Amino acid sequence: MTKTIKIGLLGLGTVGGGVPKILEAQAEKIKQSTGVEIVVAKGLVRDEAEKALRKTQFEIELTTNYDDIVEDEEIDIIIELIGKLEPARTFISRALKAGKHVVTANKDLLAQHGLELIELAGKNKVDLYYEASVAGGIPILRTLANSLADDGITKVQGIVNGTTNYMLTKMVEEGQSYEEALAKAQELGFAESDPTNDVDGIDAAYKMVILTQFAYGMNIQLEDVARRGIRHVSIDDVKMGQKLGYVIKLVGETSLLSDGVAAEVAPMLVPVQHPLAAIKNEMNAVFVESMGIGESMYYGPGAGSLPTATSIVADVVQIAKNIQSDTTGVPFNPYHLATKLAKDTQIKGKYYFAIKTPDRKGQILKLAEIFTKYDASFEQVLQQKANGEHARVVAISHTITNAQFKAIKAEIEQVEGFKLINTLRVLGK
Ligand code: HSE
């Protein structure tokens with residue numbers, strides 16, 4: 001008789017609801033590749049009202065009490081899809097201590113308490129997998145941990161937040177307002193319950209913490225990710241970017257520099273010919289630079305019921321294989337190095353400066369003097385909207401260090417009559 005592996009499913013919403021569908025649709029394929037049958041034995045719901053609703057949708061035993069799942073000796077794997085820190089952290093810790101394998105899509109939790117949970121899984125010789133926590137439907141973590149295990153990764157750049165990518169696409173291509181675009185993203189179901197995490201770049205920063213761990217084996221903290229969201233992106237910057245050959249995207253980047261790692265999430269000007277410029281709407285992509293492969297890009301949906309559930313079930317399938325071969329308890333990413341953060345003098349980039357100046361002689365000269373003082377030079381300079389009173393000057397620097405950028409920015413802010421409207425990173429060397 002075929003062995004059965006039983007799952008306890010915490011959360012039966014958009015993603016949780018996709019899990020039984022994938023297990024059913026691919027039952028034969030999963031059975032052949034694992035040698036076992038995998039079934040959802042119990043589901044955890046919030047309250048009696050949700051229980052009544054889910055009863056009409058799923059043929060799964062439902063409970064409002066987590067003890068019914070974690071204390072059930074027949075359950076081998078717990079899938080956590082509640083999200084946020086608590087009670088998810090407690091539930092996962094209890095599951096691991098009870099000797100159950102865990103699959104989760106919880107990026108908030110993994111980015112903030114990942115180390116503690118990974119250690120707990122190791123101690124109890126169980127698996128903890130979280131492929132769906134970064135770029136939902138793209139199998140990027142397994143790719144980094146397995147397929148690129150022999151490659152020296154130097155940079156990972158990603159459009160890893162579907163909500164902001166959707167919003168920026170609609171703002172750029174359809175002239176939608178920020179509010180209209182956000183409302184539509186919420187309606188379509190890819191925004192977080194509190195979209196602050198999306199628009200302020202926090203969700204993308206969580207994902208960069210996890211990607212840094214997989215790319216370089218280093219455990220950076222959320223605070224180590226330099227972070228700016230998209231609230232201050234104006235339609236003027238979008239149009240100016242287009243005129244200069246760029247498209248604005250919220251990009252997450254983690255780079256391995258000579259003295260350590262540097263991670264950032266910010267709206268960046270992406271050259272139109274860069275592969276990331278083509279990623280539209282809610283789609284995600286992760287662009288990797290590595291010594292062996294060179295450049296590679298992984299593209300797909302970053303959220304949604306079936307794409308995310310597919311990544312979750314792929315983790316379950318891996319655990320089933322590990323159970324069968326008695327190889328559980330190895331970390332999802334076994335690669336570890338001492339964490340080192342790069343210094344400002346090593347972090348480099350090109351920068352866009354938009355400045356409102358008086359419409360008088362010598363303004364660009366003042367700007368040139370500041371750049372020269374800090375040993376920087378212009379790649380592009382453009383003046384627009386001179387109306388006898390004010391002008392808008394836009395300058396893009398050649399590659400400079402973070403320290404040079406900060407010094408130039410601070411000095412521009414001191415010039416009488418200048419108003420620094422915005423600065424943006426410009427992708428490229
Ligand atoms: N709010 C996230 C996004 C969902 O928009 O990408 C997936 O993590």
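The centres of domain 1 and domain 3, taken over C-alpha atoms, are separated by 52 Å. This distance belongs to a predicted model. According to the domain assignment, domain 1 comprises residues 3-136 together with 305-325, domain 2 covers 140-301, and domain 3 spans 348-426.

**Ligand surroundings**

The residues around the ligand are Lys107, Asn161, Gly162, Thr163, Phe190, Ala191, Glu192, Asp198, Asp203, Lys207, Gly302 and Ala303.

| Residue | Part of the residue | Distance to a ligand nitrogen atom |
|---|---|---|
| Phe190 | backbone N or O atom | 2.8 Å |
| Glu192 | side-chain N or O atom | 2.6 Å |
| Asp198 | side-chain N or O atom | 2.8 Å |

On its own, the ligand has 250 Å² of accessible area, of which the protein covers 91%.

Asn197 is located in helix α10, which runs over residues 196-199. Because its relative accessible area is 13%, under the 20% cut-off, Asn197 is classed as buried. Apart from neighbours within four places in sequence, Asn197 contacts Lys84, Asp108, Glu192, Ile202, Asp203 and Tyr206. Among these contacts, Glu192 and Asp203 also belong to the ligand surroundings.

Asn402 lies in helix α15, comprising residues 402-414. Asn402 has a relative accessibility of 13% and therefore counts as buried. With neighbours within four places in sequence set aside, the contacts of Asn402 are Asp344, Ile347 and Tyr351.

Terms used
Residues are numbered from 1 along each chain as its sequence is written. This is a predicted model: local features need pLDDT of at least 70, side-chain atom pairs count only at pLDDT 80 or more; totals for chains, interfaces and linings use all residues. Side-chain values use heavy atoms; hydrogens and water are left out. Helices (H or I, at least four residues) and strands (E, at least two) are DSSP runs, numbered from the N terminus. Buried means under 20% relative accessible area, exposed over 50%, partly exposed in between (1.4 Å probe, protein chains only). Contact means heavy atoms within 4.5 Å. Domain bounds come from an automatic or database domain assignment. A residue is near a molecule or strand if one of its heavy atoms lies within 4 Å of it. A polar contact is a pair of N or O atoms within 3.5 Å; within protein, one must be able to donate a hydrogen and the other to accept it, and residues adjacent in sequence count only if both atoms are side-chain atoms. Accessible areas come from the Shrake-Rupley method with a 1.4 Å probe; for residues, only the protein chains shown count as cover.
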